[in-house]
Amino acid sequence: MLRGWRRRCPSCGNGPMMAGYLKVRDTCPVCEEELHHQRADDGPAYLTIVIVGHILAPLILIVYSNFRPDPLIMATGFSVGCVALSLYLLPRLKGLMVGLQWAKRMHGFGGESG
């Protein structure tokens, strides 16, 4: 799963898993591990929303309670933070989910279909 977080092949850890920002390669260019049957689907987006929400919600409360900034400044700052954190986490969580599927031999990674 750590290899997936790093966006590396879950099998060898050397080859890049992603062909783009979120596109998983069909096979690893180093070890030829097949990655095309991964089923990450909406899981990474869901996890991103949960994590970003759990990080930013308390921060919003703390900043508002302690500093009382102008609402426009606060909204702008936290919007930028939300987008930046989401863009950072999304491909890493997708890699993590593919790594989890590989580790648990789910969705065809173990040689059998299912």
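**Entry 1**

I looked up Val 83 to begin with. Val 83 is partly exposed, because its relative accessible area is 48%. I noted the cut-offs: buried means under 20% relative accessible area, exposed means over 50%, and partly exposed is in between, with a 1.4 Å probe and protein chains only. Val 83 sits in helix 3, residues 71-103. Helices here are DSSP runs of H or I with at least four residues, strands are runs of E with at least two, and both are numbered from the N terminus.

Tyr 21, Val 83 and Leu 87 make up a nonpolar patch on the surface. Their accessible area together is about 300 Å². Such areas come from the Shrake-Rupley method with a 1.4 Å probe, and for residues only the protein chains shown count as cover. A patch takes residues with over 30% relative accessible area and no salt bridge; like charges are joined within 9 Å, and nonpolar side chains (Val, Leu, Ile, Met, Phe, Trp, Tyr) within 5 Å.

**Entry 2: Ground rules**

I am reading a predicted model, where local features need pLDDT of at least 70, side-chain atom pairs count only at pLDDT 80 or more, and totals for chains, interfaces and linings use all residues. Residues are numbered from 1 along each chain as its sequence is written, and side-chain values use heavy atoms, with hydrogens and water left out.

**Entry 3: Overall form**

I counted 3 helices and 0 strands in the protein. Along the sequence the pattern reads α-α-α. The radius of gyration is 18 Å, well over the 13 Å that the globule rule gives for 114 residues, so the protein is more spread out than a compact globule. That radius is taken over C-alpha atoms, and the rule is 2.2 Å times the number of residues to the power 0.38. The C-alpha trace spans about 55 × 25 × 20 Å along its principal axes. I also noted that 30% of the 114 residues count as buried.

**Entry 4: Charges**

How many salt bridges are there? I found 1. The cut-off is a side-chain nitrogen of Lys or Arg within 4 Å of a carboxyl oxygen of Asp or Glu. Asp 41 pairs with Arg 39, and their closest N and O atoms are 3.3 Å apart. Asp 41 counts as exposed because its relative accessibility is 55%. Arg 39 has a relative accessible area of 46%, so Arg 39 is partly exposed.

I looked at Arg 105 next. Arg 105 lies over the face of Trp 102, 4.5 Å from the ring centre. For this, NZ of Lys or CZ of Arg must be within 6 Å of the ring centre and within 35 degrees of the ring normal.

**Entry 5: The loop between helix 1 and helix 2**

I went to the loop between helix 1 (2-5) and helix 2 (43-67), where Arg 7 lies. Most residues other than glycine have a negative phi. Arg 7 has a positive phi, near 65°. Arg 7 is partly exposed, at 32% relative accessibility. Glu 32 is in the loop between helix 1 and helix 2. Its phi is positive as well, near 65°. Glu 32 is exposed, at 54%.

**Entry 6: After helix 3**

I ended with Met 106, in the segment after helix 3. Met 106 is partly exposed, at 34% relative accessibility. Met 106 and Arg 39 are 67 residues apart in sequence, but 8.9 Å apart in space, C-alpha to C-alpha.
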